[in-house]
Amino acid sequence: MPDPATPAPFLDDLLARMTLREKIGQLNYPHAEGLPTTGAAEGADTETLIRQGDLCGTSAGRGAADRRRLQRLAVEEGPNGIPLFFARDCLQRYATGAPIPLAQSCSWDPGLVARIAAMTAREARADGVTLNWAPMLDISHDARWGRIAEGHGELPWLCARLAEAVVRGYQGEDGDLARPDRVMATLKHFAGYGLAAAGRDYATVEASPATLMRIMEPFRAGIAAGAGAVMVAFSALNDVPATANAVLLRDVLRRRFGFTGIVVTDFTAIDPELVNHGIAADVREAAYLAFKAGVTIDLVSGAFLRHLAPLVTEGQAAPDARPLGPVTEAEITARCRLVLEAKARLGLFDDPWLGLDEDRRARMIRAPEHVALAREAAAKSLVLLKNAGVLPLARGGRLALIGPLADDRVDLQGTWAIDVDPSNSVTLLEGMRRVGHPTRILHARGCNLVDDPNLAARLNMHNCQMPSVILDPRPADILLAEARAVAHEADAIVLCLGEAKEHAGESSTRLDIGLPGAQAGLVEAMAAVAQESGKPLILVVMAGRPLALTREAAVADALIWTGHPGAEGGNAIADVLFGDAAPYGRLSLALPRHVGQLPLCTEELPTGRPHEGIGVDVPGDTEVDASGRRVFRKFTTACILEGPHSPLFPAGFGLTYTSFAHGPLRASARTLQGADAVLEVAAPVTNTGARWGTEVVQLYLRDPVARISRPVRELRGFRRLTLAPGETAEAVFRITVDDLSYDHGPALEAMVRGWDPGEFLVMVGPNAGELQSLTVRWDA
């Protein structure tokens, strides 16, 4: 069998023996019978397809034993004995439920994210998975979009570093995939998918070439890290569906980014979706357009399997069809080679059952060290947004834990937790009773997560193992009265509120981003109890997206956003609430005040009339002059009549259980010359509190005069400083011309990268809204 590093002679021989039909079979990845779907697709007869050689891989099979059986069928009964891929959506977790990717990104810790990805790879490969449909690298500025839960936030530089970390975690630092603890990464969805109009999943994307290049930085980084596969976006990008966008897939992905792996469509993206987009008259033409654009593998639709061979033999002479250009067997052979090279890289020709070991599976799935890592990650991913001195909680006495998510073990997992057994989850109620002992925890539901039975049914649609949203049949006033009674009996009130796991994820756009159902009313009622009795009110929000929490933040004494924290979420949140772990996370995207602010972009472009200089303010304390007319002030933040434009909490924001003072910036030079020069900027930080703590010092840059309008700030680095009380340390940043460079040009295929000599603004601080700045001049 071949050495996976040098498979060419072996593959040449294999390709010479394969028929045209068998080569096309390696470009087909069908849907498996019995699997849930978010699109229109029928399950395939997997075993028949395997015997015919009509597929490259499958999602059929559940667990190592079943996948071993299917692999044996492929190598013993399939043409030429070509082994299968087994693919799965393991969004940075497999059986051990780690936090959703959006929450993980709030750790601002690439090392932690890489460890979670490596854990995922160990568990998935032990169960037979070789190709992972992850990570999702789409950047979004619209919290209505459900798939924001699957990504790493809104800041391209941070997302790029996390993309590198995930690829290294899945594929290993050395990129050797022929090991039983590695899976191939699939970067998705290329490209622009997260900018869907109004946050509506699958909707059209319109974006300038420069904007696209900025948000594609995570893909560029993931490709440089060695990712083996890329999945194409569902959506149309600037009027051309990504699945048939040759500029995107050839000029950018292959030529500019240097990608050499396999390009996979998303689910049914050729048939029926290219036809639905209106660029193909029928499925035959859709298959032709996708193939010619550069797609390697047709996921689920079967269009390549049905139409590529006739396109080769019939070409333009196909009867009763629009004439199309030629498809040659040589082109199909080249695409097939890409698939076979990926399988060789995974070591499947050497050992088709690599990793498929029941003993190994028993050791890997939910190994104790994996469970411990999930707990660590959940604690480090949550973000403390407000604390009026009430956290950490003292042990002893009585705490009221109220809310529909307080004793919920299913929704902890978040979206795409398809291989996580919810029965292994630790709820917040269980975690607080365990971690907070001897504190007495009093519990009440307070309200349902949602009130509409139809919505509840929709939210349970993908919860195959147990329902997520179970409506309490008691009247709302009874539930609320029970919560009031528990709150009056306790010394402090903890509310656990937020979204169901399926409020976010694919095909889960929300019109509003407030707390669903009656939860806002529960907050109001508990705030009244807290105010009357002088008890602290702590709000813990679990959600798959940033929510608009303006009213809730105003009445709570402490506010924590956790994302969906995973199976160890209850223990991890309790660790932080009781001070066994310090808050560590920082927002990877801004939290809006209101849905009307969306899309909300931290790295927005400047306008001709900046927010700080226009408009008329409508403050609550407007003065009245002598003639009785109201006197308005000029806006200091924005021109939205009902409130400020600024986010409720900016990107990068997060508190800990101590305080920090940032000293003045110090630059190694204020004038630099040449593209090889290096600027060092140092920012002193002092822990001014009484506890150890970690500060995340962030570097943002701005190019105020350039060939095109450039963002008002762009993240270009961060340093994490862990300091004892009274300790001071410096965060030091090295800035080069690469940090000042950007892509520009008249069209996506004509972009060039460069920088503009002149003045630059260097900004450093604890978040995107609190920055010190200095100006440097950098000449060519």
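Visitor: What makes the place of Ala8 a helix?

Guide: Ala8 lies in helix H1, residues 8-17. Helices are DSSP runs of H or I with at least four residues, strands are E runs of at least two, and both are numbered from the N terminus. This is a predicted model, in which local features need pLDDT of at least 70, side-chain atom pairs count only at pLDDT 80 or more, and totals for chains, interfaces and linings use all residues. Residues are numbered from 1 along each chain as its sequence is written, and side-chain values use heavy atoms, with hydrogens and water left out.

Visitor: Why is Ala8 called partly exposed?

Guide: Buried means under 20% relative accessible area, exposed means over 50%, and partly exposed is in between (1.4 Å probe, protein chains only). Ala8 has 37% relative accessibility, so it counts as partly exposed.

Visitor: Why is Arg716 called buried?

Guide: Its relative accessible area is 17%. The cut-off is under 20%, so Arg716 is buried. Arg716 sits in strand E24, residues 714-723.

Visitor: What does the side chain of Arg716 reach?

Guide: The side chain of Arg716 reaches the backbone oxygen of Asp739 at 3.2 Å. Contact means heavy atoms within 4.5 Å. Not counting residues up to four places away in sequence, Arg716 touches Trp157, Leu699, Tyr700, Leu701, Asp739 and Ser741.

Visitor: Where does strand E24 stand in its sheet, and why?

Guide: The sheet is open, with 5 strands in the order E21-E29-E28-E23-E24 and mixed pairing. E21 (671-673) and E24 stand at the edges with a single partner strand each, so one side of each has no neighbour in the sheet.

Visitor: How do you know that E28 and E29 pair?

Guide: Two strands pair if DSSP finds at least two bridges between them. Strand E28 (residues 758-767) and strand E29 (residues 770-779) are joined by 8 bridges, so they pair. They run antiparallel. Met763 has Ser773 in E29 as its bridge partner.

Visitor: What makes a set of residues a nonpolar core?

Guide: A nonpolar core is a set of buried Ala, Val, Leu, Ile, Met, Phe, Trp, Tyr and Cys residues joined through side-chain atoms within 4.5 Å. The largest one here has 167 residues. Those with the most contacts inside it are Phe85, Phe190, Met216, Ile402 and Met526. Helix H7 (residues 156-171) gives the largest share of this core, 9 residues.

Visitor: Why is H7 called largely enclosed?

Guide: Of its 16 residues, 13 are buried, so H7 is largely enclosed by the rest of the structure.

Visitor: What span is expected for H7, and what does it reach?

Guide: The expected span is 1.5 Å times one less than the number of residues. H7 reaches 22 Å from its first C-alpha to its last, close to the 22 Å expected. Just after H7, Gly172 takes a positive phi of about 90°.

Visitor: What is noted about the phi of Gln92?

Guide: Most residues other than glycine have a negative phi, and most peptide bonds are trans. Gln92 is not a glycine, yet its phi is positive, about 60°. Gln92 lies in the loop between strand E3 (85-88) and helix H5 (101-105). At 0% relative accessibility, Gln92 counts as buried.

Visitor: Is Tyr202, with its positive phi, buried or partly exposed?

Guide: Tyr202 has a positive phi of about 75°. Its relative accessible area is 29%, so Tyr202 is partly exposed.

Visitor: Which residues does the cis peptide bond with omega of about 10° join?

Guide: That bond joins Ala134 and Pro135. The peptide bond from Leu598 to Pro599 is cis too, with omega near -5°.

Conventions: A polar contact is a pair of N or O atoms within 3.5 Å; within protein, one must be able to donate a hydrogen and the other to accept it, and residues adjacent in sequence count only if both atoms are side-chain atoms.
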